[in-house]
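Trainee: Please guide me through the reading of this model, one feature at a time.

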Amino acid sequence: MEKKLQGQIAIITGASSGIGAGVAKSLAVAGATVVINHPVAATKPAADAVLAEIITAGGTGISYQCDVSKEDEVVKMFSDVVAQFGTVDILVNNAGLQRDSPFTEMTLEQWNFVIGVNLTGQFLCAREAIKEFLRRGVVAERSSAAGKIICMSSVHEVIPWAGHANYAASKGGIMLMMKSIAQEFAPKKIRINSICPGAIQTPINKAAWDTPQALQSLLTLIPYQRIGQPDDIGKAAVWLASDDSDYITGASIFIDGGMTLYPGFSTNG
Ligand code: BGC
């Protein structure tokens, strides 16, 4: 297989499980050296297990603990990675979580926690990545771009989600942050796009697929009639990080089996 990201350094936030782990594996297969970010000491074993799998498969990388909602930790992660590897070429702004609640019962803590990781975390990491991309500039042998950022958004950047107002607000926020910085930094040859996954089979949405009844009900929302896999996202991430997508910036790319196609309208309306 052609290694389209050979020699490039990629930080993937929230890569100890779920979509982040899948993306880290895909980028590593494509030749990138991957920084498998995870948030706390308790997630280190899982991050190290992802790293071990990558190394066994012939890839390279490290695991790195940093809570993306904390400014000092994010600044340190970028300076440590630049000190160790020389630069950063790709940021996958993936770390995200849910703290669901009926709106009138949602605590400020639940609101702030989700916004802090999902939205502020993406802001902090994008800011530090862009500073490094601007410092280094384009190095033609690595990529036509000075850097690439992939923001992990969701179908819920456009689909309202009752009972998940904090999460949907964070994803709607990611959409316009991503487009605003894509506009700001395109002249500097920095490409910034979002992937908007639908239902991907990971721990975050286990309740939606772990019984046949739950899965059956989920499939009524997915015209393509299967749940997504982390690899569906990983393949798109490799493409968005590579020069194959060199003319694409500011795009929200939905990978959702048609979830955003208003499936309720397929038989009436
Ligand atoms: C959420 C999942 C959900 C999916 C589709 C994702 O952004 O994290 O829990 O299954 O959207 O609704």
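**Backbone angles**

Mentor: Y262 is found in the segment that follows β7 (252-255); helices (H or I, at least four residues) and strands (E, at least two) are DSSP runs numbered from the N terminus. The model is predicted, so local features need pLDDT of at least 70 and side-chain atom pairs pLDDT 80 or more, while totals for chains, interfaces and linings use all residues. Residues are numbered from 1 along each chain as its sequence is written, and side-chain values use heavy atoms, without hydrogens and water.

Trainee: What is the phi of Y262?

Mentor: Most residues other than glycine have a negative phi. Y262 has a positive value, near 50 degrees, and is not a glycine. With a relative accessibility of 64%, Y262 counts as exposed, where buried means under 20% relative accessible area, exposed over 50% and partly exposed in between (1.4 Å probe, protein chains only).

Trainee: Which phi does K189 have, and where is K189 found?

Mentor: K189, again not a glycine, has a positive phi of about 65 degrees. The loop between α5 (165-185) and β6 holds K189. Its relative accessible area is 42%, so K189 is classed as partly exposed.

**The ligand**

Trainee: Which residues are around the ligand?

Mentor: A residue is near a molecule if one of its heavy atoms lies within 4 Å of it. Here the residues around the ligand are Q98, S154, H156, W161, Y167, G198, A199, I204, N205 and M259. This shell divides into five nonpolar, five polar and no charged residues. In that division, Ala, Val, Leu, Ile, Met, Phe, Trp, Tyr, Cys and Pro are nonpolar, Asp, Glu, Lys and Arg charged, and the others, Gly among them, polar.

Trainee: Where is Q98, and is Q98 buried or exposed?

Mentor: Q98, one of the residues around the ligand, belongs to the loop between β4 (90-93) and α4 (108-136). Q98 is buried because its relative accessible area is 15%. A polar contact of 3.0 Å joins the side chains of Q98 and D100.

**Buried positions and distances**

Trainee: How do sequence separation and spatial distance read for V68 and V50?

Mentor: V68 is in the loop between β3 (60-65) and α3 (71-85) and, at 5% relative accessibility, counts as buried. V68 and A95 are 27 residues apart along the chain, with 7.6 Å between their C-alpha atoms. V50 is in helix α2 (residues 44-56) and is buried, with a relative accessible area of 6%. From V50 to A24 the C-alpha distance is 8.2 Å, across 26 residues of sequence.

Trainee: What are the corresponding values for N37 with H164, and for I149 with A41?

Mentor: N37, in strand β2 (residues 33-38), is buried with a relative accessible area of 1%. N37 and H164 are 127 residues apart in sequence and 25 Å apart in space, C-alpha to C-alpha. I149 is in strand β5 (residues 147-152), where its relative accessibility of 1% makes it count as buried. The C-alpha atoms of I149 and A41 are separated by 26 Å, and the two residues by 108 positions along the chain.

Key
A polar contact is a pair of N or O atoms within 3.5 Å; within protein, one must be able to donate a hydrogen and the other to accept it, and residues adjacent in sequence count only if both atoms are side-chain atoms.
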